[in-house]
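Dear colleague,

Please find below the structure that I am handing over to you, followed by an account of what was found in it.

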Amino acid sequence: MLDSRTIDHMIQETKDYVIKWRRHFHQNPELSFHETKTSQFIYDTLESFGNLELTRPTKTSVMARLIGSEPGKIIALRADMDALPIQEENKFEYASKNPGVMHACGHDGHAAILLGVAKIFSVLRNYINGEVRFLFQHAEELFPGGAEEMVEAGVMDNVDQIIGLHLWSPLEVGKIGVTYGPMLAAPDTFSISVIGKGGHAAYPQQTIDSVTIGAQVVNNLQHIVAKNTDSLEPLVVSVTRFIADSSHNITPGTVEISGTVRSFNPGLRESVPIIMERIIKGITEAHGASYEFRYLRGYRPVINDDKVTLVIEETVREIFGDDAVQLIKPSMGGDDFSAYLQKAPGAYVFVGAGNTDKGIVYPHHHPCFNIDENALQIGVKLLIYSTIKLLNK
Ligand code: NI
């Protein structure tokens with residue numbers, strides 16, 4: 001039988017490796033779908049542990065399977081590993097060596113944590129009934145995302161339950177953010193071309209002014225959240241880009257508008273592009289302009305399973321104490337972890353990684369983003385104990 005003293009000792013022994021791996025990934029970040037060296041490092045490190053069956057579901061992802069001595073449940077654990085197109089401004093010695101590329105979301109930590117968990121489980125094989133499946137996923141940051149591809153490659157076949165975690169700097173280290181049900185929204189994107197008629201800005205009667213018409217489109221899109229949909233259903237419609245490239249005396253023929261839509265409710269999600277197009281069509285027609293409208297559905301929303309979430313919450317209370325549990329509200333961010341949840345119930349959880357006293361306060365995707373590395377060991381411990389609990393349930 002496995003006793004927690006032994007496991008805690010192993011977690012302690014793995015601590016420095018996990019920090020070392022995280023710093024290695026941090027220093028050598030790679031963009032989504034280009035995680036060649038990162039995935040090779042993960043593959044080689046996993047191979048050195050022994051007892052794991054390794055495969056490459058896609059070019060830059062890795063799957064490791066620890067098949068226990070007796071049959072039982074299959075529990076999958078997922079870590080993403082891609083970085084972002086950001087120039088790092090941190091000055092520590094393991095700052096990014098790749099100009100314009102940075103681990104500014106903590107995925108370096110996710111990959112390191114899951115390596116640590118795999119290292120520990122690889123020596124516990126004789127104590128495991130069932131299987132622990134480690135999914136090192138590429139391209140979380142860039143639609144269409146790596147998760148969908150991995151699911152298509154069969155990584156979720158026969159999986160009973162899945163857990164994923166995200167290091168989270170808005171949450172202080174030591175806290176674990178648990179959410180029942182809806183957790184992360186569906187992130188859709190759109191782009192609109194308002195097509196008018198360019199010309200001399202001194203003679204507006206000869207032009208169809210795409211700038212003023214575009215501005216009205218932007219303003220009227222705000223009616224969708226304010227006036228056209230149920231106030232009790234979360235929805236964001238944000239215009240983030242408005243390009244009217246011209247000169248002070250030339251009215252541009254077109255403006256380009258784009259942005260994002262975030263929602264949870266599937267019916268609401270379906271209705272938003274229809275309302276958007278009605279507004280765009282009405283306004284452009286009223287002023288003699290025309291339009292092109294493109295709407296791209298992103299990841300599905302992340303909806304956590306109550307039973308798996310409860311197991312995580314119980315685990316947190318048992319190993320970190322009641323104070324560590326932070327029940328948190330859904331967020332309008334998105335994550336392709338939802339692709340796995342189409343195949344098996346699971347839960348996504350936030351592991352606190354901020355530390356105000358140490359100045360680790362920057363938000364995700366910021367050039368000064370960092371994590372408190374004590375969060376790494378907490379992540380390892382959480383995944384180990386939650387997995388054992390799920391295997392035994
Ligand atoms: Ni992330």
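To begin with the charged pairs, Glu-93 and Arg-23 form a salt bridge in which the closest N and O atoms are 3.8 Å apart. The term salt bridge denotes a side-chain nitrogen of Lys or Arg within 4 Å of a carboxyl oxygen of Asp or Glu. Because Glu-93 sits in the loop between E3 and H3 while Arg-23 belongs to helix H1, the pair ties together parts that are 70 residues apart in sequence. Helices (H or I, at least four residues) and strands (E, at least two) are DSSP runs, numbered from the N terminus.

Please note that this is a predicted model, in which local features need pLDDT of at least 70 and side-chain atom pairs count only at pLDDT 80 or more, whereas totals for chains, interfaces and linings use all residues. Residues are numbered from 1 along each chain as its sequence is written, and side-chain values use heavy atoms, with hydrogens and water left out.

Glu-93 is exposed, at 63% relative accessibility, whereas Arg-23 is partly exposed, with a relative accessible area of 29%. Here buried means under 20% relative accessible area, exposed means over 50%, and partly exposed lies in between (1.4 Å probe, protein chains only).

The structure holds 22 salt bridges. One of them joins the side chains of Glu-148 and Arg-300 at 3.4 Å, N to O. Glu-148 lies in helix H4 (residues 146-152) and Arg-300 in the loop between strand E13 (290-296) and strand E14 (302-304), so this pair ties together parts that are 152 residues apart in sequence. Glu-148 is partly exposed, with a relative accessible area of 32%, and Arg-300 is partly exposed at 32%. Salt bridges that share partners also join Arg-22, Arg-23, Glu-93, Asp-108 and Glu-373 into one network.

Asp-108 leads on to His-103. The side chain of His-103 reaches the backbone nitrogen of Asp-108 at 3.4 Å. His-103 is located in the loop between strand E3 (70-80) and helix H3 (107-122), and is buried at 1% relative accessibility. Leaving aside neighbours within four places in sequence, the residues in contact with His-103 (heavy atoms within 4.5 Å) include Phe-25, His-26, Met-81 and Phe-369.

The aromatic residues come next. A search of the whole structure finds ten aromatic pairs. Rings of Phe, Tyr and Trp (its six-membered ring) pair if their centres lie within 6.5 Å; planes under 30 degrees apart count as stacked, over 60 as edge-to-face and the rest as tilted. Phe-25 and Phe-41 make an edge-to-face pair, 5.3 Å centre to centre with 80 degrees between the planes. Since Phe-25 lies in helix H1 (residues 4-27) and Phe-41 in helix H2 (residues 36-49), the pair ties together parts that are 16 residues apart in sequence. Phe-25 is buried at 1% relative accessibility, whereas Phe-41 is partly exposed, with a relative accessible area of 23%.

The rings of Phe-337 and Tyr-348 are stacked, because their centres are 4.7 Å apart and their planes stand at 20 degrees. Phe-337 and Tyr-348 are both buried.

Yours sincerely

Methods
Polar contact = N/O pair within 3.5 Å; in protein donor to acceptor, adjacent residues only side chain to side chain.
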